[in-house]
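Dear colleague,

Please find the structure below, handed over for your reading.

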Amino acid sequence: MENNYSEGSSGGGRLRIFFIVVISFLFGMSVALYFIPGRYQGLTSQQNNKLDEVVRYVNAYYVDTVNNEKLFEDAIVSMLQGLDPHSTYANAADNKAMMESLEGSFEGVGIQFSIMNDTIMVVATVSGGPSEKQGIRAGDRIVQVDGENVAGIGIQNEKVIKMLRGKKKTTVKIGVKRQGFDELYDYDVVRDVIPTYTIDISYMVDDHTGYVKINQFGATTGKEFAAALEKLKGQGMTKLILDLRGNSGGFLDAAVSVCDELLAKDEMIVYTEGLHMPTDKIYATKYGHFEKGKVVVLIDDFSASASEIVAGAVQDNDRGWIVGRRSFGKGLVQRQIDLKDNSSIRLTVARYHTPSGRCIQRQYGDGTEAYYEDFIDRYYRGEMNHADSIKFDENQKFKTKKGRMVYGGGGIMPDYFIPLDNDSLLNAYYQVLNSSAIMQFAFNYATDHKAELKKQYPSAKAYVNNMTVSNDLLKQLLNFYTKENGQKVKNLTAESDKELKLWLKALIGRDLYQDEAFYPVINSTDQAVLKARSIKE
């Protein structure tokens, strides 16, 4: 099994090399590298002279003073963007941010973001973190921070991090645009310490079914997952629901470790190959903790990279079933090389293939902008609502171990498709949930009534099983929404009533007992979880 990193030497200096299959855009495109004229390996003498010549002319004749470092940074960014969407540079601050998210903790608002089409897009929120508690969600586009416009101005990753991170208990105002809605939603987010545990929760859904949610694949995921499996097996688990929805990736080794817990000895997990990289085939060992029980993996549009390795290995080996929506489609492997000034290059060095031989990487030949626009356009093409709207390349057909047809070139297609929920009968529910009112109301209610609530429900399990949101409490929420937003909730239906009560219960429960009283409530009506529970094969 490959290590997370290896040490090597280059020109007398030391450089660390990481193999990463996390989506590169999570931490932006900001870069830093010192320019060394005349030393471009792999270029002809004429090409080297041309680059040096341009730099000399710019410095000698340009109308204003030239910031050479920025000039070189911009050139490097453009160079790598021309290769593929996931080859990037990162400066020292970006490197620190990325490694903190996978290995440590930091103080901030608790989101992962991407700069796409000159707009900050929320890729994922930290479960239970400040942003999620306020109502910010994956897919939101941040357009204002503390009243300052941050969209369409060429903002860089480093500035975003500086704006969003800060000391615990300080507040940042974030304005977001949400897909399918015209309003600008404002959230006052109080920064906090953001832990980087990679498993949000593991618990028994019923007497035989365990549930584990992994939010990213970090350095501790393998150990966390093994411990979760042992705990759930001790509680009678014979079927596992592994939730990778919203999981945008992480370390390759972490994905391999998760697969190794589920697959039998010598079953292939993944293989990688590139022009300058020998083919590396990775197989499961004999040390898995859950090699025989039933497995269902949940994925969605934001499940990417390492998540797709796990889903692909389970699907291709016919180890279990995949439920949800088509995954992101990233099948490229980056090698991270730390440079002397603590900046780094994350260069795509290989493609990874699932056991059947498919590479699920989407096409990127039309450039980075078109690449991300295609992902966004899935919503408008109807792919999130209708499985038959999804078109795969007929030339990229592959077969699982038992002969089922699967496709390469466009993410992992689930065995059971779950459409995006946009029922018109739930418009009032969306109206309230899209504001921060329900989160703030739940927080206030839980704080004001904590003693009596904990006395009545002395454990998370007691709360989940016995707490009921009354009509009066729902009315208080709706009045609070009207006061905060200056408008009443429109078109309230029985369906919206039901969903609002569910979410209010879950959010109050989270404030009392963290995720132990949140996910069991939300999952009780989650269509993907319900489908996973119903699968008998």
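Two strands are said to pair if DSSP finds at least two bridges between them; strands (E, at least two residues) and helices (H or I, at least four) are DSSP runs, numbered from the N terminus. This is a predicted model, in which local features need pLDDT of at least 70 and side-chain atom pairs count only at pLDDT 80 or more, while totals for chains, interfaces and linings use all residues. Residues are numbered from 1 along each chain as its sequence is written, and side-chain values use heavy atoms, leaving out hydrogens and water.

Leucine 242 stands opposite valine 297 in S17. Strands S14 (residues 239-243) and S17 (residues 294-299) pair in the parallel sense over five bridges. Both belong to an open sheet of six strands with mixed pairing, in the order S12-S13-S14-S17-S18-S23. Its edge strands, S12 (199-204) and S23 (416-417), each pair on one side only.

Helix H7 (residues 252-262) is mostly covered, with ten of its eleven residues buried, where buried means under 20% relative accessible area (1.4 Å probe, protein chains only). Among the buried residues of H7 are Ala255, Val258 and Leu262.

Yours sincerely

Terms used:
Buried < 20%, exposed > 50% of the residue type's maximum accessible area, 1.4 Å probe, protein only.
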